[in-house]
Amino acid sequence: MKFTRIISALTLRTGTQMNALQVNNLKKTYANGVEALKGISLDVKEGDFFALLGPNGAGKSTLIGIVSSLVNATSGEVKVFDASVQQQRSKAMSYIGLVPQELNFNQFEKPLEIITNQAGYYGIGRKIAQQRAEKYLRQLQLWDKHDKISRELSGGMKRRLMIARAMVNEPRLLILDEPTAGVDIEIRRSMWEFIREINQNGTTVILTTHYLEEAEELCRNIAIIDRGEIIQNTNMKSLLGTLDVETFVLDIREPLTAAPQVDGMEIKLRDEFTLEASLPKQKSLNALFESLGNSGIHVLSMRNKANRLEELFLRLVDKGGKS
Amino acid sequence: MNAGVNWTGYKTIVRKEVSRILRIWAQTVVPPAITMTLYFIIFGNLIGRRIGEMGGFDYMQFIVPGLIMMSVITSSYGNMVSSFFGAKFGRHIEELLISPLPNWIILGGYVTGALARGMMVGTVVMLISLFFTRVEVQYPLIMISVLLLTSVVFAMAGMVNAIYANKFDDIAIVPTFILTPLTYLGGVFYSISLLPEFWQKVSAFNPIFYMVNGFRYGILGVSDVPIGWAYAIMGVFGVLLAGLCLWLLHRGVGLRS
């Protein structure tokens, strides 16, 4: 495993990294006729931190299911590093760690038992399995619960248990399907730190999430999938760079009955103490404050209406729906 | 995939299955022990005294092999169907499905788990029988091999049931409506020679009849059918069920979308 990490680090430095995931013209039609994937193609480079976003029912979980061999593809090919999921399933699976959306461990077993058993399925001996289980349970602040029945753990603990389980085979590709759903903000941030560190150590990470702030914070590259098709596949910076209008919410001191007019900006009155200002990217915030100041409006505080990625995501998905 | 990975994976499944059997011992080992004790008391002791001899043995001695076999069949089948369907229902079967382990290791691990429960229960029932009668094993190798093969066959039948089951009701249907009648009509409590000719011919289509008689031959040295037939029937069913289980796992029927 260490050798693999060194090779990963070297290839990253020399810029010749291979694809951790290669998806070619992948289609999936379920028995009930639902066409979940309509021929998608996608590459994820080794070492990447990749976001896979999309609304509910877009096909994200189907794609992850096919990559992890839980769903059979109708046609197309998926390769994990050098192994085809369809032709060399065992080899491909040995590279993957999966944190699924739904809880899928035996809730009557203990965390230590769950993780050491999972290690055994990857051919890891009992002694090393227990050492690794302890390491990851400690890193995810679960060690004090290692001997409790899993059913008694809180929702956040169960999610962290699935992350520890996915890490026990020290995968080269870690797939996280909404890992922080229902987790409080403090735990979520500590999970971000953990996953970021895993990625920095050479593991390729694919993340699906409904918290777009999470994707923006962590991921370098992104694909947006909608109705079984990839509608955007680029790096996070250039995607955010395409955001031409940003909307801010302003809390004001004195009540207003009508929105003020400011050249080149759209300002709406949300309620008597709140304004919503949409600014083109090239417009300076100083111009907005100057105009509001001239109109005798005192701004107490300001925040983004939505985070940047959320604005883009909604626009892209909305556009896809209308086309 | 190298042999070391497969071996470790196999051991892990077996360990997990055995620890499950021991963890819920009150559900896995105690009930057949109580049921079989009641059979020995009521059929063997109370009613058996009035029946007298069967096949040249005390009635109690005659039913010992059948009752052991009945408990082994029920336990092996029940272990596989409840454990595998439970894993499917709770979705933790996915832990194995996403692992690099090939299907034959998954099948082998679960079958060995069911075999372990079958042997545990069989041993307990045999020990209980010693409180009621004397048993001198005539052919130990035949006794053990028939017991193991029967357990393997019914474990695999349990896996087929678990794969197709969608709800807990579905795993009760086969044992209630197929397995129990076939076992009771498989010569556990009587020699086939007591039946009219027509029913003797019908019994010949019951695979459990051959297994019970094969086991009885191993213990008592008597059987209603040639021992070769028992091995042939178990062999054919074993190969067919193994092929079916592997095909179902490969296709992902009921397991992969």
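A residue is called buried if 20 or more other C-beta atoms lie within 10 Å of its own, exposed if 12 or fewer, and partly exposed in between, with C-beta atoms placed from the backbone. This is a predicted model, where local features need pLDDT of at least 70, side-chain atom pairs count only at pLDDT 80 or more, and totals for chains, interfaces and linings use all residues. Residues are numbered from 1 along each chain as its sequence is written, while chains are lettered from A and ligands numbered from 1 in the order in which they are written.

Q: What share of the residues of chain A count as buried?
A: Let's begin with the whole chain. Chain A has 323 residues. The share of them that count as buried is 40%.

Q: Which element supplies the largest share of the side of chain A that touches chain B?
A: Two residues are in contact if their C-beta atoms, placed from the backbone, lie within 7 Å. By that rule, the contact takes 25 residues from chain A and 23 residues from chain B. On the chain A side, α3 (89-94), β6 (96-99) and α4 (111-121) each supply at least two residues; helices (H or I, at least four residues) and strands (E, at least two) are DSSP runs, numbered from the N terminus. The largest share, four residues, comes from α4(A).

Q: Is B:Met36 buried or exposed?
A: B:Met36 sits in helix α3 (residues 30-51) of chain B. Leaving aside residues up to four places away in sequence, B:Met36 touches B:Leu67, B:Ser71, B:Val125 and B:Ile128. Because B:Met36 has 23 C-beta neighbours inside 10 Å, it counts as buried.
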